[in-house]
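Please read these notes with the model open.

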Amino acid sequence: MVLNLYSQNLFFYCSCRKSTVNGFTLDLIHHDSPILPYHNPSNTPFERLQNAFYRSFSRATFFKKCPVNSIQSTITTTEGKYLMKISIGTPPKDILVIAETGSDLTWTQCEPYVHCFKQLAPIFNPKNNSSYKVVHCNNELCQNIGFFSCKNDTCNYEEIYGDKSYTIGDFSIETFTFVENVSILNIAFGCGHTNRGTFTNATSGIVGLGGGKVSIVNQMNQEIKGKLSYCLILLESSSTNSNTTSHINFGDAAIVSGPDVVSIPLIKFQSFYSLSLESISIGNKTLPFKSSKITSNTQGNIIIDSGRTLTFVPPDFYANLEKTLIVSINATRKHDLSKSCKLCYASKNSTIVVPKIVAHFTNANIELSPTNTFVQVAEGLVCFTMVPDEEVSILGNFTQMNLLIGFDLVANKVSFLPIDCTKH
């Protein structure tokens, strides 16, 4: 198998594409696409990739700190985020929000505010919307937001993220519009009056796509029947061609089908989606996978996270992976000066020969392409995209590229279809 690599940083802005009666699809435009108003052409592909690696390690810290009875996510810089364009209120107001599969709470900055970060769009004003109302303390939804308090019979929320960013405000109800003629009434969300942290002016909040009760995916269950899918394209496809985009689908549009589809049981772990990884084979050698600490008390042993770049695995398992790869790859070892990756090789024209790598999940095997497992991190240097972590195992988005991945929260399964995402 020949590896031909380009540095990749899979995070996206989302704009409307098309809609159907029982589902809709949105375009996911890579953060580094030239179509974006805040695109910085002076950043090299390798600088963008290193920034993504740093965010991966920061996000791992978040998972370690996350208490069992809370609903949390991580917020870092704009680079490394999916942004979805949606509208809220009556009449509808357009906003850009970070799409988080590892978060439940949906929120946006609101007037009047005690403290807000700067944003390009006008801050949402509830007084100008006829469909806005607050959630009362006796509402069951109030009990499901993790950290809440009551004041004048209004449910107040407080969401603290892994990097110490936070939002505080009123838990409220509004009409959400995703694409033309696709409006969902009575969506519970956070109207944030105090918001601090590493948010940029490109966004005004978060849309929670996790598995908890207040997740917008669960709130829209009647319309989308618990179905969500996405397909992540390679960096060079989006950064050089603004007409090539990734997609995120809801409802009937999110159904993944075909003879090459494999499905894996989906296990909910707090707000997160987790899978059971049994082993990884390299060539003809199979390496059994053992659970990390954070998921050892659940059936699933690895979290699938579209917001992560790298894949994190337990240190002992990683050591076996690295040892096997070293024996199998005939190339010159080289250190990654940034110290983000453990196993790297010198390369000419970004090309090395790597063995066949297959991830063996419960009831399904997924062959990982070379671009899923190795990436060019600097000129003449390619590195393995899996790294060790003692606390948490997470399937990052390098491993998910060029796979149509569908979540069915009713059937509790996730489906994978190898596909060229630029043509999906």
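1. Basis. This is a predicted model: local features need pLDDT of at least 70, side-chain atom pairs count only at pLDDT 80 or more, and totals for chains, interfaces and linings use all residues. Residues are numbered from 1 along each chain as its sequence is written, and side-chain values use heavy atoms, with hydrogens and water left out.

2. Overall pattern. The structure holds five disulfides. A disulfide here is a pair of cysteine sulfur atoms within 2.5 Å. Counting bonded cysteines along the chain, the pattern reads 1-6, 2-4, 3-5, 7-10, 8-9.

3. Cys 110 and Cys 191. These two form a disulfide, with sulfur atoms 2.0 Å apart. The S-S torsion is about -115 degrees, so the bond is left-handed. Cys 110 sits in the loop between β6 (107-109) and β7 (133-134), and Cys 191 in strand β11 (residues 182-196), so the pair ties together parts 81 residues apart in sequence. Strands are DSSP runs (E, at least two residues), numbered from the N terminus. Cys 110 is buried at a relative accessible area of 0%. Cys 191 is buried too, at 0%. Buried means under 20% relative accessible area, exposed over 50%, and partly exposed in between (1.4 Å probe, protein chains only).

4. Cys 137 and Cys 150. Their sulfur atoms are 2.2 Å apart, and they form a disulfide. Cys 137 lies in the loop between β7 and β8 (148-151), while Cys 150 is in strand β8, so the bond ties together parts 13 residues apart in sequence. Are the two ends buried or partly exposed? Cys 137 is buried, at 13% relative accessibility. Cys 150 is partly exposed, at 46%.

5. Cys 344 and Cys 383. This disulfide has its sulfur atoms 2.0 Å apart. Its S-S torsion is about 105 degrees, so it is right-handed. The pair links distant parts of the chain: Cys 344 in strand β22 (residues 344-346) and Cys 383 in strand β27 (residues 381-384), 39 residues apart. Cys 344 is buried, with a relative accessible area of 1%. Cys 383 is buried at 0%.

6. Cys 116. Which cysteine sulfur is closest to that of Cys 116? The one in Cys 110, at 8.1 Å, is too far for a bond. Cys 116 is buried, with a relative accessible area of 15%.

7. Cys 341. The closest cysteine sulfur belongs to Cys 383, 4.4 Å away, so the two are too far apart for a bond. Cys 341 is buried, with a relative accessible area of 5%.

Note on methods: Helices (H or I, at least four residues) and strands (E, at least two) are DSSP runs, numbered from the N terminus.
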